[in-house]
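Here are some friendly exercises, each with a worked solution. Have a look at the structure first, then try each task before reading on.

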Amino acid sequence: MAKPHSGKTRGAVVRTSATAALILLAAFVITGRNPDGFWAQVEMRALDWRFVARGVREPVHPITIVAIDQTSIHEIGRWPWDRSVHAALISSIAKGHPAVIGLDIVYNTRQGMGADGGLSDVDKELAASIQTATTVVPGYFFYLAPDDMPVRAAGPASAVTPPLKKIREDAGRAGRRFLPHASGVESNIAEITAKGRGDGFFNVWPDRDGVVRRQPLFVAYGEEIYPSLSLRMASVAASREPLLVLDEAGASSVRLSENVPVDEQGRLLVNFRGPAGSFPRISASDVLSPDFDASVFKDRLVLVGVTAPSVGDLVPTPFARAGYPGVEVHANVLDNLLAGDALERSAAYYLIDMAVMLFGAALVGLALAYTGPWVSVGALLATMAGMFAAGFYAFASGGVAVGVIFPMLGTVVVFVAGSTARLVVEYGDRRRVKAAFERYLPPAVVDRIADDPSLVGLAGERVNGSVLFCDIEQFTRVSAALPAESVVRMLNIILSELSELVFRHGGMLDKYVGDGLVAVWGVPFADDAHAARACRCAAAMNGRLESVNRRLADEDCPPRASASASVPASW
């Protein structure tokens, strides 16, 4: 059983643990709220592990990807395809009466020119197929960095249709500064845009470490705000315009059929359904086959996009550091929007992270202050396991991305700080105890007292023990005939030899009395063999005289000395 800690040790542990927890808390308050900062990135990587541990979840809504895959490119020809192929693909999908068709493709330039200087026949065919389908949402993309933007992309905002219609700004236009701002747009040609049900950008923006976890639902461009492809498709499917609510801290909420959790930049934390292939895929070459049964698209939400590795629209995600098609990211976002199960990571959860860290730090700090090392380690491991399990449960069952790394790291730091404080205090106490007793007690007894100073108290105690008296015979006569230096040297030799025998036989050196010493057995710890030990020590002292006399001779002291040792009483 672990010995209880002194009040001094407990106080040092509690103070140090509290100081470490407060320093960590202050650091988190300063840096942790930044959604792209250090803590956020660490927590995002921990979220990746939770996705893998959770495994695959079935999509909630009927979403199908028409994949422009490697097989399609091999059978139809190199990418990009002729516009007539795109027109035929959209027409074939539309025969199945899908709920909505989203195009993760941009038609930003004309393919040739008609005889009248207008659209070419293939562009007219594509525009007609989009108009006939009635539920097509074309895609486009924005440039965020001016250096990446070609001259043609610096067009007016009117090149994109239409902007977000429903915006509530509780702090004027101040909240817009948090949204991603585009410097240019690569939009569809006007004739394509006009035939669709509105369009949306299909940019896929990774986090700072290159992994796609969050997707912006809005981009500010010019004086307007524009929705993403997934949000526009969800709006068409739900027959409801999304409402963006902005306040002085940025985006506070997005409302479609239900509230959509977003961060201040209007980004949705994607609840990925699984690795690539989690959504049904149909090869574009199959859809273009004359005998294809388009009824498989009945009332489904269809996304058309590239999955072929040779084209390169592949991004890292929590489930795969390579090889995840961008079109499937949009499928995940679309399913999250319609199901209302995007992951939540609002500002309130940062407060939860801090509260959990303080709770764990308090548990570990108290364990360090009031229990032994093994119990403290057990408390640390149990607390960390509980934090991880609670975080995983909240993620897997509730779609809440609470932090686990900061609370766990905070608990470990508090444990290290508190353990260090305990070791420093106890080491200092141990040194002081050893310094006080090592001249009077055997090393084993000193170590035992140093381990638990409470074994020795200041109050008197009645014990059974033995006392040994030993002095030098005829010391008065001998010392009178010697110089003082020789007397001191003789005493040091004789008493050090005899003291060593006391310690060897488990006795406590009580005191030196002139030329003699007093030793006791049975203290400070009870010993049933105290009398036997004392007697054996007395016999050993008498037996040591010959070697003592040789040392005296070597030191030019009297040629011979004798001592008497006796155990006169036990008490």
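**Exercise 1. Is Gly250 buried or exposed, and where does it lie?**

Step 1: Gly250 has a relative accessible area of 0%, so it is buried (buried means under 20% relative accessible area, exposed over 50%, partly exposed in between, with a 1.4 Å probe and protein chains only).

Step 2: Before going on, note that this is a predicted model, in which local features need pLDDT of at least 70 and side-chain atom pairs count only at pLDDT 80 or more, while totals for chains, interfaces and linings use all residues. Residues are numbered from 1 along each chain as its sequence is written, and side-chain values use heavy atoms, with hydrogens and water left out.

Step 3: Leaving aside neighbours within four places in sequence, Gly250 is in contact with Gly175, Phe178, Val245 and Glu264 (contact means heavy atoms within 4.5 Å).

Step 4: Glu169 is 81 residues away from Gly250 along the chain, yet their C-alpha atoms are separated by 9.4 Å.

**Exercise 2. At what angle do the axes of helix 4 and helix 5 cross?**

Step 1: Locate helix 4 at residues 83–94 and helix 5 at residues 121–133; their axes come within 8 Å and cross at roughly 15°. Axes are lines fitted to C-alpha atoms, for helices over the stretch in contact, and angles run from 0 to 180 degrees between N-to-C directions.

Step 2: Helix 4 and helix 5 are therefore roughly parallel to each other (angles under 35 degrees count as roughly parallel, over 145 as roughly antiparallel, 65 to 115 as roughly perpendicular and the rest as oblique).

Step 3: Look at the residues in the contact, which include His86, Ala87 and Ile90 of helix 4 and Leu126, Ser129 and Ile130 of helix 5.

Step 4: Sorted by kind, the residues of this contact give 7 nonpolar, 4 polar and 3 charged. Here Ala, Val, Leu, Ile, Met, Phe, Trp, Tyr, Cys and Pro count as nonpolar, Asp, Glu, Lys and Arg as charged, and the others, Gly among them, as polar.

**Exercise 3. Which residues touch the most other members of the largest nonpolar core?**

Step 1: This core has 59 residues (a nonpolar core is a set of buried Ala, Val, Leu, Ile, Met, Phe, Trp, Tyr and Cys residues joined through side-chain atoms within 4.5 Å).

Step 2: The residues you want are Leu47, Phe142, Leu217, Phe218, Leu244, Leu268 and Leu337.

Step 3: Helix 9, residues 326–339, gives the most to this core, with 7 residues.

Step 4: Apart from this core lies another, of 30 residues, with Ile68 and Val85 among them.

Notes:
Helices (H or I, at least four residues) and strands (E, at least two) are DSSP runs, numbered from the N terminus.
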